[in-house]
Amino acid sequence: MKRLLSTAIGLLLACTSISAQTHEAHLGSGLSMYDILGVPYQNGIESVGPAFNLGYKYLKPLKGGLQWYAGADVYGRSIHFEGPWYVGVNTMKENVGCLVNIPVGAGLRYGFPISEKFSAYADLGLGLNVDLGHEVGEEGHAIIGYNPYNGLPIEKDYQRMMYNKGFRVENSFSGILSLIHDFPSTLSTFFTFELGTVYGNHWSLGLSYANFGLVEVEKYQRLIAASFVPGSEMESEMMSSHCSGHGTMALSSLSLRLGYVF
């Protein structure tokens, strides 16, 4: 993954070193297309925050108002996860992570004047996108009403197991529950389309749609629980860990970007 990213950045730098013509630095913020279209998230994701974007383009004229460009961006966004579905979890902290992806690509820009100081442009680009792997985990205190190994109620399950030893469990399990969401590193293709305007040949303002392909999402639940038997010094412990969700999420956003051309 690192080798592919280094190669892509190296090609970009090589292109910009050959008779450099125009450069554009830009920054912006945008919303996930899930939020814009009202589509529910998957795999335990509750919401995705605005994407903040910082990027660079190298542009070189071809003919008339047509230019080709090469560029790279960094996108970062926060992701909020749903809480656990275990009964009795009462102190779970907010489960928030950050997802970073780096698209590197090239494309075409067509620009034309609309007044003495203003011109308009349209960009279309393709390339490779690197999603940096990230794992988010949170812990909370839980009062568990059933055995996570077999789904049986805690009291009945342990009464049966401990009966021959002369004591019974009268309380539910108390323990620590961990939620872990894992975004493995992935490499995908991306495409972007942007419409914008340039003022005074320097300041640009564009509305950009970017689709970064599919991102893998895995969700794990881990439980360490302990039950104290009334009237004795006996303590019983158990640990459970399992993957409760695996799939993909389409990562795309609509962004408003401010740039400076130099």
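Which residues of the largest nonpolar core touch the most other members? The model is predicted: local features need pLDDT of at least 70, side-chain atom pairs count only at pLDDT 80 or more, and totals for chains, interfaces and linings use all residues. Residues are numbered from 1 along each chain as its sequence is written, and side-chain values use heavy atoms, without hydrogens and water.

**View 1. The largest nonpolar core.** Of its 17 residues, Y41, I45, I79, F183, F212, M249 and L251 touch the most other members. A nonpolar core is a set of buried Ala, Val, Leu, Ile, Met, Phe, Trp, Tyr and Cys residues joined through side-chain atoms within 4.5 Å. Strands β2 (45-48), β4, β10 (203-228) and β11 (235-261) each supply at least two residues of this core, and β10 gives the largest share, four residues. Strands (E, at least two residues) are DSSP runs numbered from the N terminus. Beyond its neighbours within four places in sequence, M249 is in contact (heavy atoms within 4.5 Å) with Y34, Y41, I45, G213, L214, V215 and V217.

**View 2. Aromatic pairs.** Rings of Phe, Tyr and Trp (its six-membered ring) pair if their centres lie within 6.5 Å; planes under 30 degrees apart count as stacked, over 60 as edge-to-face and the rest as tilted. By this rule the count comes to nine aromatic pairs. Y34 and Y41 form a stacked pair, with 4.8 Å centre to centre and 20 degrees between the planes. Y34 is buried at 12% relative accessibility, and Y41 is buried at 15%; buried means under 20% relative accessible area, exposed over 50%, and partly exposed in between (1.4 Å probe, protein chains only). Y260 and F262 are also stacked, at 6.2 Å and 15 degrees. Y260 is partly exposed at 34%, as is F262 at 48%.

**View 3. Charges over rings.** A charge sits over a ring if NZ of Lys or CZ of Arg is within 6 Å of the ring centre and within 35 degrees of the ring normal. K57 lies over the face of Y69, 4.6 Å from the ring centre. The charged end of R109 sits over the ring of Y121, at 4.0 Å from its centre.

**View 4. Surroundings of D73.** This residue lies in strand β4 (residues 66-81). D73 is buried, with a relative accessible area of 11%. Leaving out residues up to four places away in sequence, D73 touches H26, N53, L54, G55, N101, I102, P103 and R257.
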